[in-house]
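Have a look at the sequence and the 3D view below, then read on.

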Amino acid sequence: METTTVKNAIERALVDGHLSHAESNYIKRIMYVGGTVTPEECGLWRELQDKIWKGEISLRD
């Protein structure tokens, strides 16, 4: 899977400032489509987690 696809999925999911469980699962699913997660995709996931820890993004059901 291209890194841009993962990045775009993250950006779409965060438009409202929240990350739902379904959105999180979708992002992880597209990261694993090729069978291997690239270092770039891991970096994007870490950035997402960092935003959650900083309170920039909230989690919702």
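How many of the 61 residues of the protein, in percent, count as buried? The share is 28%, where buried means under 20% relative accessible area, exposed means over 50%, and partly exposed lies in between (1.4 Å probe, protein chains only).

A word on what you are looking at: this is a predicted model, in which local features need pLDDT of at least 70 and side-chain atom pairs count only at pLDDT 80 or more, while totals for chains, interfaces and linings use all residues. Residues are numbered from 1 along each chain as its sequence is written, and side-chain values use heavy atoms, leaving out hydrogens and water.

Now for the overall plan. The protein has three helices and two strands, and from the N terminus on they follow the order α-β-α-α-β. The radius of gyration is 11 Å, close to the 10 Å that the globule rule gives for 61 residues, so the protein is as compact as a globular protein of that length. Here helices (H or I, at least four residues) and strands (E, at least two) are DSSP runs, numbered from the N terminus. The radius is taken over C-alpha atoms, and the globule rule is 2.2 Å times the number of residues to the power 0.38. Along the principal axes, the C-alpha atoms fill a box of roughly 30 × 20 × 15 Å.

Next, find helix α2, residues 21–31, where Ser 24, Ile 27, Ile 30 and Met 31 are buried. These residues cover an arc of only 135° around the axis, which puts them on the same side of α2; the arc is that of the directions from the helix axis to the C-beta atoms. What covers the buried residues of α2? The cover includes α1 (3–13), β1 (18–20) and α3 (39–54).

Let's stop at strand β1, where you can find His 18. With 31% relative accessibility, His 18 counts as partly exposed. Leaving aside residues up to four places away in sequence, His 18 touches Ala 13, Glu 23, Ile 57, Ser 58 and Arg 60, where contact means heavy atoms within 4.5 Å. His 18 and Ile 57 are 39 residues apart in sequence, yet their C-alpha atoms are 5.4 Å apart in space. Among contacts in the protein between residues at least 6 apart in sequence, 64% join residues at least 24 apart.
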